[in-house]
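Dear colleague,

Please find the structure for your studies below. My notes on it follow.

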Amino acid sequence: MANLTIRNLQKGFDGHQIIKGIDLDVKDREFVVFVGPSGCGKSTLLRLIAGLEDVTSGSIELDGREITQVTPAKRDLAMVFQTYALYPHMTVGKNLSFALDLAGTPKDEVKKKVDEAARILELGPLLERKPKQLSGGQRQRVAIGRAIVRNPKIFLFDEPLSNLDAALRVQTRLELSRLHKELQATMIYVTHDQVEAMTLADKVVVLNGGRVEQVGSPLELYHHPANLFVAGFLGTPKMGFLKGIISGVEASACEVTLDAGTKVLLPFTNAQQSVGDSVTLGIRPEHLELANEGDCQLTVIADVSERLGSDTYCHVRTTSGEPLTMRIRGDLASQYGETLKLHLNSAHCHLFDAQGQVIRRALQAAA
Ligand SMILES: Nc1ncnc2c1ncn2[C@@H]1O[C@H](COP(=O)(O)OP(=O)(O)O)[C@@H](O)[C@H]1O
Ligand SMILES: [Mg+2]
């Protein structure tokens, strides 16, 4: 069992607050990813969990036992870093067994654990090699193997794929997903890469400036971002944003007049909302399409197109100069400088208030 409970966790360095009151639950066997821009406090939060930093205030519990003041070695957690930190003079096998040998684990048990880790990570043929005789990906697998032999309650990963080239990063990402299923382990994984977060996580924790912006499954966050930050952070190409004001409010809908000129009737409601309020409408690239007659139309001027083969990203600007990206079929493209009419499908629009918080859809709000 491994259930982690974090309550009102705060951490400052030299009077500078970095972690600003975080509440979080990690459930047994969950793959939780902390994602956020560089410097937002991801590594610090992970190091607080590992016990490598002292907390300023707040509590950390593992399976109901308070571990806030417990030394790292006694927390039953294993951390894998971006830099592999292998012992250069030891073979792969020795790197794997070192911690167990040091703890006085019986020899046959050490062998069993090392063999099992080597099997899972396909390191068998490499056990006699030294780290310098390995590729970056193989070294990272050894570092993960060192964590596996310790059979920790929770695996902690801090950007473990950052030093790998793009192809190897994708491959190792898949291996980590498989490893999580095979070990049925609890894992906490830190990354600034939203694709890693989306593909690996059961639960994504979006961090920004030492606070949690939103917690949820990848698709919950993708389809129902709670605020502009999460909406803009998850998804490539990014969600497009159009500024406007509320020009009409009905029981279960509101009319938004965009700076770009278009009026959109949206099934959104919020008792706080009134005519004249500033709002931002969000729409994802895959939800923009050329308009048909009768559609709610937005006039844009085509900028460059990027043709990826499978898809084309058409970059466009509204008449008020706001950039948007439209994702279309790979065999199509827009012409630079041409005027296009796009369909603003209200079913796919997100709406945010002046503070950047989402305004819920009418049905969601009533629920
Ligand atoms: N030991 C430290 N002393 C002082 N400031 C630190 C220390 N560790 C981290 N910080 C600061 O805390 C902030 C968050 O750092 P970090 O958790 O490493 O961010 P992330 O991993 O999200 O990129 C940064 O501004 C960093 O400079
Ligand atoms: Mg970091």
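**The ligand and its surroundings**

The largest share of the shell around ligand 1, three residues, is supplied by helix α1 (residues 42-50). Helices here are DSSP runs of H or I with at least four residues, strands are runs of E with at least two, and both are numbered from the N terminus. This is a predicted model, in which local features need pLDDT of at least 70 and side-chain atom pairs count only at pLDDT 80 or more, while totals for chains, interfaces and linings use all residues. Residues are numbered from 1 along each chain as its sequence is written, chains are lettered from A and ligands numbered from 1 in the order in which they are written, and side-chain values use heavy atoms, with hydrogens and water left out.

Which residues surround ligand 1? They are F13, I18, P37, S38, G39, C40, G41, K42, S43 and T44, where a residue is near a molecule if one of its heavy atoms lies within 4 Å of it. This shell divides into four nonpolar residues, five polar and one charged. In this scheme Ala, Val, Leu, Ile, Met, Phe, Trp, Tyr, Cys and Pro count as nonpolar, Asp, Glu, Lys and Arg as charged, and the others, Gly among them, as polar.

Polar contacts (pairs of N or O atoms within 3.5 Å) involve several side chains. An N or O atom in the side chain of K42 is 2.9 Å from an oxygen atom of ligand 1; for the side chain of S43 the distance is 2.8 Å, and for a polar side-chain atom of T44 it is 2.5 Å. Of the 560 Å² of accessible area that ligand 1 has on its own, the protein covers 57% (Shrake-Rupley method, 1.4 Å probe).

**The two domains**

The protein is divided into domain 1 (4-232) and domain 2 (239-366), with bounds from an automatic or database domain assignment. Their C-alpha centres lie 38 Å apart. Nine residues from domain 1 and 12 residues from domain 2 take part in the contact, meaning heavy atoms within 4.5 Å.

**Backbone features**

Most residues other than glycine have a negative phi, and most peptide bonds are trans. R29, although not a glycine, has a positive phi of about 70°; R29 is placed in the loop between β2 (16-26) and β3 (31-35). T236 and P237 are joined by a cis peptide bond, with omega about -10°. P237 belongs to the loop between α8 (228-233) and β11 (240-249).

Yours sincerely

Conventions: Polar contact = N/O pair within 3.5 Å; in protein donor to acceptor, adjacent residues only side chain to side chain.
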